[in-house]
Amino acid sequence: MVHPELLDLFENIMMTLSRLNERIKDDIDRSIYSKQQLMTIVRLHLGGRARLKDIAKREMVPTSNLCLMLKNLEHDDLVMRSVDEADRRNTWYSLTPKGEKLARDSLRDLRARLAKMFVGIDKKDEQKMIGALYTMNEVLNKIWVRNQ
């Protein structure tokens, strides 16, 4: 059985990250693209091409809504669509060079906003956090592999 303290701490971390995310959201809101569009573009950049149903599952968006969003991004030359030759029922989406540039720029801007949040953090706290995040990343990757 999983220790209840682990679940409580993980839940607390998720809520804190969500609150921090809201703080940086203001800058994203000024973009001509929605937060959902930018997140989808960045995830396609980081993960490579993906099928519509996999993107919908990852983004927790109905495929009908996602299809419309991706169609708009395709119209803006950020995303390209291709039919899976092995199974023509599947559609693959990937980024165009313009989409890749937007993803890189968005990630650069996000890192700059995150860096501002960490200005003034005590060096000891910074080192503790780095160590804890390395450990957390290692364990979460093991969980991911086990649950695929």
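**α2 against α5**

I began with helix α2 (residues 35–47) and helix α5 (residues 97–118) in this predicted model. Their axes come within 9 Å of each other and cross at roughly 105°. That makes α2 roughly perpendicular to α5, a label for angles of 65 to 115 degrees. For my own reference, axes are lines fitted to C-alpha atoms, for helices over the stretch in contact, and angles run from 0 to 180 degrees between N-to-C directions. Helices are DSSP runs of H or I with at least four residues, strands are E runs of at least two, and both are numbered from the N terminus.

I then listed who touches whom, with contact meaning heavy atoms within 4.5 Å. From α2 come Leu 38, Ile 41, Val 42, His 45 and Leu 46, and from α5 come Gly 99, Glu 100, Leu 102, Ala 103, Arg 104, Ser 106 and Leu 107. By class this contact has 7 nonpolar, 3 polar and 2 charged residues. In that scheme Ala, Val, Leu, Ile, Met, Phe, Trp, Tyr, Cys and Pro are nonpolar, Asp, Glu, Lys and Arg are charged, and the others, Gly among them, are polar.

Is Ser 106 buried or exposed? Ser 106 counts as buried at 16% relative accessibility (buried is under 20% relative accessible area, exposed over 50%, partly exposed in between, with a 1.4 Å probe and protein chains only). Leaving aside neighbours within four places in sequence, Ser 106 is in contact with Leu 38 and Val 42.

**α2 against α4**

Next I checked α2 with helix α4 (residues 63–75), which pack at about 75° with axes 11 Å apart. These two are therefore roughly perpendicular as well. Gln 36, Gln 37, Thr 40 and Ile 41 of α2 meet Met 69, Leu 70 and Leu 73 of α4. The tally here is 4 nonpolar, 3 polar and no charged residues.

**Arg 49 and rings**

I found Arg 49 in the loop between α2 and β1 (50–51). Arg 49 lies over the face of Trp 92, at 3.9 Å from the ring centre; the test asks for NZ of Lys or CZ of Arg within 6 Å of the ring centre and within 35 degrees of the ring normal. Beyond four places in sequence, Arg 49 touches Leu 44, Ser 82, Trp 92, Tyr 93 and Ser 94.

**Asn 90**

Asn 90 sits in the loop between β2 (79–83) and β3 (91–95). With a relative accessible area of 10%, Asn 90 is buried. Not counting residues up to four places away in sequence, Asn 90 touches Arg 51, Lys 53, Ser 82, Val 83 and Asp 84.

**Positive phi**

Met 60, in the loop between α3 (52–59) and α4, has a phi of about 55°, and at 75% relative accessibility it counts as exposed. Asp 77, in the loop between α4 and β2, has a phi of about 60° and is partly exposed at 44%.

**Ground rules**

I number residues from 1 along each chain as its sequence is written. Local features need pLDDT of at least 70, side-chain atom pairs count only at pLDDT 80 or more, totals for chains, interfaces and linings use all residues, and side-chain values use heavy atoms, without hydrogens or water.

Notes: Angles under 35 degrees count as roughly parallel, over 145 as roughly antiparallel, 65 to 115 as roughly perpendicular and the rest as oblique.
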